[in-house]
Amino acid sequence: MDSIPGSTSAAAPIELIFLGTGTSSSVPHVDCLTAPPDAIPCVTCLSTFKPEGKKNIRRNTSVALRILKKDGSKATVVIDVGKNFQAAAVEWFPKYGLRQIDAVIITHAHADAMNGLDDLRVWTLSNAIQPHIDVYVSQATFREVQRAFPYLVAKEFASGGGDVPEFEWHIIEDKIPFEIRDTGIQITPFSVHHGRLFSTDTPPAFTPTPCVTQPTSPNISGRSSPARQPQLTVNGSKVAAKIHPYTCLGFTIQDSIIYMSDVSYIPDEAWATIETGKNPKAVLVIDCLRLHAHTSHMGVREALEAIRRVGANRNYFIGFSHDVTHDEYVTIGEAAGREEPIDTANMSSNVRRGVAMVKDGKRAWLRPSHDGLRVFVSSDDSVWDETYD
């Protein structure tokens, strides 16, 4: 296992490895790499061809946590296995000595969170690494797995040779803590909003997550803006769709790490769970798609407001598109923690806009995560990592 010179990483109770830090489309984008000569070049995507741009390669959001169990050994817990999980595992598992997976937890039923489940056959086929993998999902996500990948739940649906992964499914519930087997590893899920859905039906008939009707689209502070009201065609007639929030799970891990990879709004019920237990938390990992908020994701302002409320020792953005480079996010993050202003006169327009978003308010330690970043949390909740320390 790689280690930081002079550190005690091997003894750290929690090790957080970012397997992927990009949104669903990943980075780089094919359209940017194949753009015609007269197009405006995408700095982020084109930089991935050069060594100095490798931190701009962003696969679907996924993390591996190596956590000290009560017997003194370490367990590996993976959160989300998206569309390019296999490529991420090929790169980072050998590098960091990862092999057996003690648990997979799925945040929600989108492709970038669960479509890599099939890739886990590499672990369990013919007991190559382990006989089965424990998978923890909400009842709603389990229903979506049954619908999209029935053979992962019941082998009678497997075709061909039936070479499918072996899973043991565990249903988890909003705000109900659970333990990974009998390891002593405690995780508490909580539901946050990850955009919204439109339908003429009543929940949950149309949606894979339990929801309540929400006529407006509030931001982190609860301020509301009118939500778009699309027209749907039902039996040949135009009808107004109802708006419902799509929910996704965030997690409190060992009362030290808060993880929210896909979030546009944190409801009060979630805050009650987030703010329970030890404070401040050691690490907050939070969604930030781009500078400005998106229907399904936070932007810099919204994420920073949550960061200031949580008050964790360290904060890492995750879930990036290609709009802002890694280095630009680093400068914006540094500005969020500095009392004195940063001179942005000779910097990019992204940096100028981002620094303007974070210059006011309580200071906070903030950096962008990147694929392959490793963060360590000690027993006293001190935090260090291999990029920024």
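Mentor: One term to begin with: two strands pair if DSSP finds at least two bridges between them. With that in hand, take β18, residues 374–377, which is joined to β19 by three bridges, the two strands running antiparallel. Bear in mind that this is a predicted model.

Trainee: Okay, which residues stand opposite each other there?

Mentor: Val-377 is opposite Val-383 in β19. Val-375 has Asp-385 of β19 as its bridge partner.

Trainee: How many residues sit between β18 and β19?

Mentor: Five, and the two strands form a hairpin. In the turn, Asp-381 has a positive phi of about 70°.

Trainee: What about β1 and β18, how do they pair?

Mentor: They are antiparallel, over four bridges. Leu-16 stands opposite Val-375 in β18.

Trainee: And the side chains of β18, which way do they point?

Mentor: Arg-374 and Phe-376 go one way, while Val-375 and Val-377 go the other.

Trainee: Let's zoom out. What order do the strands of the sheet have?

Mentor: It's an open sheet of eight strands, in the order β6-β5-β4-β3-β2-β1-β18-β19, and the pairing is mixed. At the edges you find β6 (167–172) and β19 (383–385); each has a single partner strand, so one side of each has no neighbour in the sheet. On average, neighbouring strands are turned by 20° against each other, ignoring direction.

Trainee: Which helices pack on it?

Mentor: One of them is α3, residues 85–96, which touches β1 (14–20), β2 (62–68), β3 (74–79) and β18. The direction of α3 makes about 140° with that of β1. Another is α6, residues 139–148, touching β5 (133–138) and β6, with its direction at about 115° to that of β5.

Trainee: Which residues of α6 are buried?

Mentor: Ala-140, Thr-141, Phe-142, Glu-144 and Val-145. These buried residues pack against α4 (111–114), β5 and β6.

Trainee: Switching topic: how many aromatic pairs are there?

Mentor: A search of the whole structure turns up 14. Take Trp-92 and Tyr-96: their ring centres are 6.0 Å apart and their planes are at 15°, so the pair counts as stacked.

Trainee: How far apart are Trp-92 and Tyr-96 along helix α3?

Mentor: They are four residues apart in α3, so about one helical turn separates them. Both Trp-92 and Tyr-96 are buried.

Trainee: Which residues do ring pairs link into a cluster?

Mentor: Phe-18, Tyr-316, Trp-365 and Tyr-388. Two arginines also lie over rings from that cluster. Arg-314 is over the face of Trp-365, 4.2 Å from the ring centre. Arg-367 is over the face of Tyr-388, at 5.8 Å from the ring centre.

Trainee: Last thing, what's the mean pLDDT of the protein?

Mentor: The mean is 89, with 85% of the residues reaching 70 or more. Over residues 1–8, though, the pLDDT is below 50, and that stretch has 21 contacts in the model beyond near neighbours in sequence.

Trainee: Where else does pLDDT stay under 50?

Mentor: Over residues 204–228. For that stretch, the model has 58 contacts beyond four places in sequence.

Notes
Residues are numbered from 1 along each chain as its sequence is written. This is a predicted model: local features need pLDDT of at least 70, side-chain atom pairs count only at pLDDT 80 or more; totals for chains, interfaces and linings use all residues. Side-chain values use heavy atoms; hydrogens and water are left out. Axes are lines fitted to C-alpha atoms, for helices over the stretch in contact, and angles run from 0 to 180 degrees between N-to-C directions. Contact means heavy atoms within 4.5 Å. pLDDT is the predictor's confidence in each residue, from 0 to 100. Buried means under 20% relative accessible area, exposed over 50%, partly exposed in between (1.4 Å probe, protein chains only). Rings of Phe, Tyr and Trp (its six-membered ring) pair if their centres lie within 6.5 Å; planes under 30 degrees apart count as stacked, over 60 as edge-to-face and the rest as tilted. A charge sits over a ring if NZ of Lys or CZ of Arg is within 6 Å of the ring centre and within 35 degrees of the ring normal.
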